[in-house]
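Open the model in your viewer and keep the selection panel at hand. The stops below cover pockets and helix packing.

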Amino acid sequence: MSTTLSASAPPHPPRASNPPNSAATQRKPRRAQGKFSRLVLSSDPEMREALKLCLLAATVYLAWFILMPTVIVPQGLLSKELATLFMTHEAISILLFYPLVRSGLTRKLHDSALVVPQIVWASLAVVLAYALTPASRAVTLQTLSLIIVFGFMSLSPRAAIWTGGLMIALLMSLLALSPWMNLPRFDIRQQTLTLVTTSFILGMLTVQSYQFAKMRKHVLRERKKLHAALAQVQALMRHDSMTGLYNRQGMQDKLDQEIERCLRSGHSFSVAMIDLDHFKFVNDTHGHAVGDEVLQGFARCARQVLRDTDLIARWGGEEFVILMLDTSPADMASIALARLRHVLQGMQVSPQVPDLRITFSAGYAMWQRGEAIDHLMSRADKALYQAKNDGRDQFKLAEITAA
């Protein structure tokens, strides 16, 4: 299974010890950038997306927090008292939402980025600003549209309708209560037209947000179905359809993984190659249907007898391979094979032929550090043929040979 340099050549110019564009000079900055990114945005992909939304909102709040005392108040667009009120709102927003999400406390929530609470919190401030700051009312109404867009990428369909409806309800409540609130420069007729028009626009954006959320939900559902189907296809590619055991490719992958594990841990493992005795006679005498039952019966027996950590594959035809983890010394593998041989002798393997009993021949080998899979399997295969040549219904330990 299986250049020498010419003596007259001119000397090379000395190499620069640290080329300016070498990977070595870039490694530390990139590593620092990676650590900073993990610190700010986490290494969890789902949490990273939530934190990006929080940082986007925090950036907007920070910009307003800086503009209040430097631009808006000096130009007389807002009183110091109101500026202090809104700066307090912005400070709370910056210090509350991002740290809360980054801490992981919201991770199990459906709205892990706290998008709905952030929209509600921002909408209350915007409507209040619209009522109290006549000079910035046009900009304030545009901010409501921006808040709806903020939720486009993450809100569920129900949350999209709920948050959009809340904004419209806040504006309509402001309009209804304005005659009793003594708001500055608030012309009820002009504001009615403005707020109704704005509510219509917000309603259209809410519908778009709802449709977008439905489409995103559908895409996510289809993606999950695709991943499930892909996992099923991969499982079928790695398993034998008749016995349900690993197939040859599946066992090859497991062997590669086990070698990597043993190289790290210092442990070892054994493989056994098994051939069912006189299987051709069973097929010729009782038919292929009984032969299939024999293969299935052996697979069932092996799963029952072997440890949960042991893996078995149908290698091809009536040949099977068992991967036995942490079997050092090799006698531990022989104990497992002896137990399987004993149980199989008294087991019914074919309901169609109840009295039929089968035996097997096997060769087993313990992996040696640094040994290739092909060499290991070749040693086990030679031991298997030795067992068959010595009369079958037995198992042999493979000789250790040089790779």
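Which residues lie nearest the centre of the largest pocket? Select His110, Ser112, Ser154, Arg216 and Leu220, which hold that position among the 33 residues of the lining. Bear in mind throughout that the model is predicted. The space in this pocket comes to about 1100 Å³.

Next, colour the helices that contribute to the lining. Helix H2 (45-72), helix H4 (115-132), helix H6 (157-177) and helix H7 (188-238) each provide at least two residues of the lining of the largest pocket. H7 gives the most, with seven residues. Colouring the lining by class gives 15 nonpolar, six polar and twelve charged residues.

Now move to the second largest pocket, with a volume of about 720 Å³. Select Val60, Trp64, Glu90, Val126 and Thr143: of the 28 lining residues, these are the closest to the centre of this pocket. At least two lining residues come from each of H2, helix H3 (80-102), H4 and helix H5 (137-150). By class, this lining has 21 nonpolar residues, six polar and one charged.

Keep H2 and H3 on screen and hide the rest. How far apart are the axes of H2 and H3, and at what angle do the helices pack? The axes are 9 Å apart, and the angle is about 160 degrees. Angles over 145 degrees count as roughly antiparallel, and H2 and H3 are therefore roughly antiparallel to each other. Their crossing is left-handed. To show the contact, select on the H2 side residues including Met47, Leu51, Leu55, Trp64 and Met68, and on the H3 side residues including Phe86, Glu90, Ile94, Phe97 and Arg102. Two of these residues, Trp64 and Glu90, were already picked out by the centre of the second largest pocket. The residues of the H2 and H3 contact divide into 20 nonpolar, two polar and two charged.

For the last stop, show H4 and H6. These helices pack with axes 10 Å apart, at an angle of about 20 degrees. Under 35 degrees counts as roughly parallel, so H4 and H6 are roughly parallel to each other. The crossing of H4 and H6 is right-handed. Select Val116, Ile119, Val120, Ser123, Leu124, Val127, Tyr130 and Ala131 in H4; they meet Ala159, Trp162, Thr163, Leu166, Met167, Leu170, Leu171 and Leu174 in H6. Among the residues of this contact, 14 are nonpolar, two are polar and none is charged.

Terms used. Residues are numbered from 1 along each chain as its sequence is written. This is a predicted model: local features need pLDDT of at least 70, side-chain atom pairs count only at pLDDT 80 or more; totals for chains, interfaces and linings use all residues. Side-chain values use heavy atoms; hydrogens and water are left out. On a 1 Å grid over the protein atoms alone, a cavity is a set of points where a 1.4 Å probe fits but cannot get out, and a pocket is an open set with protein on both sides within 12 Å along at least five of seven lines; lining residues have an atom within 4 Å of a point. Grid points are joined across faces, edges and corners, and a volume is the space filled by probe spheres set on the points. Helices (H or I, at least four residues) and strands (E, at least two) are DSSP runs, numbered from the N terminus. Ala, Val, Leu, Ile, Met, Phe, Trp, Tyr, Cys and Pro count as nonpolar, Asp, Glu, Lys and Arg as charged, and the others, Gly among them, as polar. Axes are lines fitted to C-alpha atoms, for helices over the stretch in contact, and angles run from 0 to 180 degrees between N-to-C directions. Angles under 35 degrees count as roughly parallel, over 145 as roughly antiparallel, 65 to 115 as roughly perpendicular and the rest as oblique. A crossing is left-handed if the near helix is turned anticlockwise from the far one by less than a right angle, and right-handed if clockwise. Contact means heavy atoms within 4.5 Å.
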